[in-house]
Amino acid sequence: MSKRPHKWRDVAWKRAIIDGADDFVGFVMKKLDDKRDQSRDITGVAGMELHVKDSDTDKGMLVSDAYLNVPVKGGDDCNVACLVEQQHDHKDDFPERIFNSWVRLRASRPERRVTAIAVYTGNSKDINHYEENCLECEASLKFNTFHLPSCKPEQLREDEHPFACVMYAGLLSYGTEDNAALREKYALEILNMTERRGYNDRQK
């Protein structure tokens, strides 16, 4: 894993979304969660993984985005492309990445409904659409977003939903920069919080 904070944060976000998929969907995609078939597990979408190269440098390091299959009541399952913009400054190509991920997922799974969500962190702008046109051919996508900087730390801290702890940890992490002592302090605070609430090992 890269020693640079923005790289290990990227890996951490992807792992949190994959490992805590049930809680992630329940926290950030409530409309989809209401339609979920709770008797079946949320799983990853095979074949959508991007190449991941472990490296201690930034050069050439790619981190998978999260692609989920969410079981829906009635059997009409939904695929979700989950992308995290964890840069402090918004990248202009991020909405295009959301669009391309949605198109790629839609093309590979034509039998499934497909949606997308962007989790914005740092000081990134909350943008929920992408448009492009070429010689009178137009395409656009409006996608779900969760804007972490708009959340108040105390609200996330008091929210007893398991994924609120993940969001709280992410919000605190961006204030630590490279301060290892502060990161350890926040980590202990979050671990103590989850222990008090009796979360199981999967949720931790």
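Of the 8 residues of helix H2 (residues 21–28), 7 are buried, so the helix is largely enclosed by the rest of the structure; buried here means under 20% relative accessible area, exposed means over 50%, and partly exposed covers what lies in between, with a 1.4 Å probe and protein chains only. The buried residues of H2 are Ala21, Asp23, Phe24, Val25, Gly26, Phe27 and Val28. The model is a predicted one, in which local features need pLDDT of at least 70 and side-chain atom pairs count only at pLDDT 80 or more, while totals for chains, interfaces and linings use all residues. Residues are numbered from 1 along each chain as its sequence is written, and side-chain values use heavy atoms, with hydrogens and water left out.

### Overall make-up

The protein has 204 residues, of which 44% count as buried. Its secondary structure comes to 7 helices and 7 strands, where helices (H or I, at least four residues) and strands (E, at least two) are DSSP runs numbered from the N terminus. Read from the N terminus, the elements follow the order α-α-α-β-β-β-α-β-β-β-β-α-α-α. If one takes the contacts (heavy atoms within 4.5 Å) between residues at least 6 apart in sequence, 65% of them join residues at least 24 apart. The accessible surface, from the Shrake-Rupley method with a 1.4 Å probe and, for residues, with only the protein chains shown counting as cover, comes to about 11600 Å², and 47% of this belongs to carbon and sulfur atoms.

### The sheet and its buried strand

An open sheet of 5 strands, with mixed pairing, has the order S1-S2-S3-S4-S7; two strands are taken to pair if DSSP finds at least two bridges between them. Its edge strands are S1 and S7 (144–147), each of which pairs on one side only.

Within this sheet, strand S2 (residues 66–70) has 5 of its 5 residues buried, so S2 too is largely enclosed by the rest of the structure. Both of its faces are covered, with Ala66, Leu68 and Val70 buried on one side and Tyr67 and Asn69 buried on the other. S2 runs antiparallel to S1 (residues 43–44), to which 2 bridges join it, and it pairs with S3 (residues 78–85) in the antiparallel sense over 5 bridges. The pairing of S3 with S4 is in the parallel sense and extends over 8 bridges, with Glu85 standing opposite Tyr120 in S4.

H2 lies across S2, S3, S4 and S7, and it runs at about 85° to S2; axes are lines fitted to C-alpha atoms, for helices over the stretch in contact, and angles run from 0 to 180 degrees between N-to-C directions. Two packed helices are described by the angle between their axes and the distance between the axes. For H2 and helix H6 (residues 162–173) the angle is about 85° and the axes are 8 Å apart. That makes H2 roughly perpendicular to H6, since angles of 65 to 115 degrees count as roughly perpendicular, under 35 as roughly parallel, over 145 as roughly antiparallel and the rest as oblique. In this packing, Asp23, Phe24, Phe27 and Val28 of H2 meet Pro162, Phe163, Ala164 and Met167 of H6.

### Salt bridges

The structure holds 6 salt bridges, each being a side-chain nitrogen of Lys or Arg within 4 Å of a carboxyl oxygen of Asp or Glu. The table lists some of them.

| Pair | Closest N and O atoms |
|---|---|
| Asp22 and Arg36 | 3.6 Å |
| Arg40 and Asp37 | 3.1 Å |
| Arg113 and Asp76 | 3.3 Å |

The salt bridge of Asp22 with Arg36 links Asp22 in H2 to Arg36 in the loop between helix H3 (30–34) and S1, 14 residues apart. Asp22 is partly exposed, with a relative accessible area of 24%, whereas Arg36 is buried at 4%. Together with Asp33, these two residues are linked in a network of salt bridges. In the remaining pair of the table, Arg40 is partly exposed at 31% relative accessible area, while Asp37 is buried at 19%.
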